[in-house]
Structures are given as structure tokens and as C-alpha cells.
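Have a look first, then read on.

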Amino acid sequence: MNGRRILLVVSGGIAAYKVPEIVRALTRSGHEVRCVLTAAGAEFVSPLVLQSLTGNAVRQSLFDAGEEGAIGHIELADWADAVVVAPATANLLARLAHGLADDLASTVLLATRAPLLVAPAMNVNMWEHPATQANLTTLRERGVRFVGPDAGELACGWEGQGRLSPPEEIAAETGLLLGSLSLAGACVVVSAGGTREPIDAVRSLTNRSSGKMGYALAAEAALRGAEVRLISGPSHLPTPAGVERIDVETSLEMRDAVLADFERAAIVIMAAAVADFRPAEASERKIKKEDLAEDAGLQLQLVRNPDILAEISAERGNRIVVGFAAESHDVLAAARRKLKRKGCDLLVANDISRADAGFETDENAVILLTPDGASEELPLLPKPEVAARIFDRIEKLREDRR
Ligand code: PMT
């Protein structure tokens, strides 16, 4: 974990006075630190202080020929093993969420492929504003990690959530981010979203999966340094940073895509809601009411789709194969039966009868089951956190196998 390269982006909030302590905590752990200051950040902390503490010139401008000549902004983005934004103002979060690149800090944040840790600090009303919360959700979905903000008395006089986390905690989270590049060199295949089975030229059979759970898993795998192949049913979600996305529609296309990457995969996670049945025949033209006898219904014949999870579990060799189970009642018993039937290494069961978990929600409540009969019930957590807990378990399985 020692000796990694941290790019620290400092935006303009009063909490920036704590940045020298963050730098000291990071350098004490043996990391090399370079700082980028926004114009507002430079109002709160002196570049000279940061230069003295890091031993590196502080970057402030995209257009300063001297600074750019020493190390260009793309070089800086590529240089980092991890990027930490502390403090992150509401303005910087908004620019990051919307992909703006109108100064050095936002440009470097857009250009880097390194994992990102963000430590917000702002007035409680700004933090709770729906715009800030929406930006937060977008960034979480892209795999950005957050530390804080903490609750307490704020510099502006208000009481509430908005305080920058303690420097030691930010440094510790940075260490976790770096130490968790534990999947470097491994190819992880994640399926996500629902499949769409055509009935005719305009209609299809599909389900309520948004892709949020699978995308969160893909983002987490990328954060841990894996090469990630995300095989996605139709979804409006943005592709997480560092993830290769393959779009599919039907179960048969999903099967082909999973099998195409199976050979090189070390871990395969089937989070997709794959249709068990498809129409036996899909009409290339729109089926019209007028073509049917008056008042006649439309009979659809459905045929079974191949079970991708069962197929890859049977052929898995050294790979770790993870399945999901969407259950509406008697969750644990049904999930145990499914784990046995599918033959995977880990089954993640969600109770889809809950309104606050399962399909489409931002949070999920799952039970992790393994073939040895063990089960672990997780509390209701944001899907990115559920994804992190699932990968902790997968890594433990890999360790045990070694
Ligand atoms: O996408 P979100 O809105 O975030 O919702 C997340 C989720 C609820 C879709 C997800 O967490 C989930 O539970 N995914 C699996 C849903 C499902 O299809 O469950 P199942 O019990 O029908 O299937 C069990 C397992 O077999 C799944 O891993 C599924 O991918 C796999 N399967 C199913 C059918 C099939 N023909 N081939 C398969 O591989």
C-alpha cells in the first residue's frame, strides 16, 4: 500500500484549511502527493504551504505554460494511482457530475481513470439540496467513493451534515481505496438490467430491472482494479468509469455475450434479470388487431430460454460464479433451493416484495448464501455499498480457494 501516487484536488471551502493535515497524513503513509488547487481553493490555503509539504509544485492553471510544461494536465491525470477531492464543494460536485471541464481541477477529474475518493464539505442546506443529492447519486452510480460529510457545528454557524471528515479518516479511506486494487489483472464479467424478448416489431416482454445493482457491481470491480465487461440489457444508466459495456437486448444475445467473455473471466456475476421464456416466434411486422378475428385475444406461445447461470456454473473450473435470486416470498428457503439448482459459488437473494429494495430502488437488502449452508443477511444499504460487500465476500472465496 505504501509509495502510491495521490492527486489531491482542493476546491474552495473554509474546510480547505485542513488540507495540510490531509497531506501530512497521506505522506506519513509513504504516498507521494501532488496538489491541484481551484481558484477558490487558493483563497483558503496557500500553494506555498502545500508545495512545502508535498515537495511538488502545486498546479492551479490549465493555461500556465510553465506549469503545463513541467507536467501536462493529462500526464497528471494519468500519473495518479488515486485521486482525492477534499474538500469538495457543492459546485465541484455539480461540475464533476455533469462532466464539465472548465478549469484545471475539473479537466483532470474528467481525464483520469484512477479511482476517485470525494470528501464533501459545505453548508447543510447546500448538502441537502435535491440538486446536490442528485449529483451525489449520479457520482455513486459511476463508482465514485465518498467519505463524509460529518454532522456537527458548521463554520457558517448552522448545525447539521456538512463538516469535512477528519484528515486521518480521509487518509485511511484513501488507503482502503488503494489497498483495494485487489482485483488488478482479473477480468470480471457482470450482467445487468432486464432482457427484452420481442413479440413483434413494436412489442416485447421485459421486466422491471433498471440495471442499478449490476452497474454498481461493475463500478466496484473497476474500483478494485479489475478489467470489467458489463453485459447490459437496455438501461439509461451511465457506463461506470473504467468499464467496458456491451449492450444486448434478448436473453439469447446475453448468453452469447457472456459466453464470449467466459474464457478470460476470473469472476462472473449474473445480476441481470434474464427472461426465463421468450415468444416462440417474433413477428417482423406489427401484429394488428384488424388481422385477428373480432374480439379474439392474442395467444402467445412461449418457449424456455437457456439458463445462462446454470450453464456457466457447470463449466466454471477455477472461476467464481455468482448468481442473484429475485424472490417474493419464503426468500431464504427459495434461495437455498435456487443455489443448489444453479450450482454457483455465491447466491445473492433479494426480497423483491419490499418496496424499498430489489427492482429499481437505490438501495437493496440482500442475503448472501454459499453452498456450505452459510448465509449472511445484510441491512438495507445503497446499492454501491451492497456491491462492495458482495465483492468482499467474493475476494474471501478466492482467498479460501487459493
Ligand atoms: O436492476 P435493478 O433495478 O437494480 O434490480 C436488481 C435486481 C433485483 C434485478 C437484481 O438484484 C436481481 O435480483 N437479479 C436477478 C433477477 C432474476 O432474474 O432472478 P431469477 O431468480 O429469475 O434468476 C436467478 C439467477 O439466474 C439470476 O442470477 C439470473 O441472472 C440467472 N438467470 C435466470 C434466467 C436465465 N434464463 N438465465 C439466467 O442466467
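By class, the shell around the ligand is made up of 14 nonpolar, six polar and seven charged residues (Ala, Val, Leu, Ile, Met, Phe, Trp, Tyr, Cys and Pro count as nonpolar, Asp, Glu, Lys and Arg as charged, and the others, Gly among them, as polar). A quick word on the source: this is a predicted model, where local features need pLDDT of at least 70 and side-chain atom pairs count only at pLDDT 80 or more, while totals for chains, interfaces and linings use all residues. Residues are numbered from 1 along each chain as its sequence is written, and side-chain values use heavy atoms, with hydrogens and water left out.

So who's in that shell? There are 27 residues around the ligand, and the closest are Ser209, Ser210, Ala272, Lys338 and Glu360 (a residue counts if one of its heavy atoms lies within 4 Å). Strand 16 gives the most, with four residues (strands are DSSP runs of E, at least two residues, and helices are runs of H or I, at least four, numbered from the N terminus). Helix 11 (212–223), helix 13 (308–314) and helix 14 (331–342) are among the elements that each supply at least two.

Now zoom in on some atoms. The side chain of serine 210 has an N or O atom 2.6 Å from an oxygen atom of the ligand (a polar contact is a pair of N or O atoms within 3.5 Å). From the backbone, an N or O atom of methionine 213 lies 2.9 Å from a ligand oxygen atom, and one of alanine 271 lies 2.9 Å from a ligand nitrogen atom.

Technical notes. A polar contact is a pair of N or O atoms within 3.5 Å; within protein, one must be able to donate a hydrogen and the other to accept it, and residues adjacent in sequence count only if both atoms are side-chain atoms.
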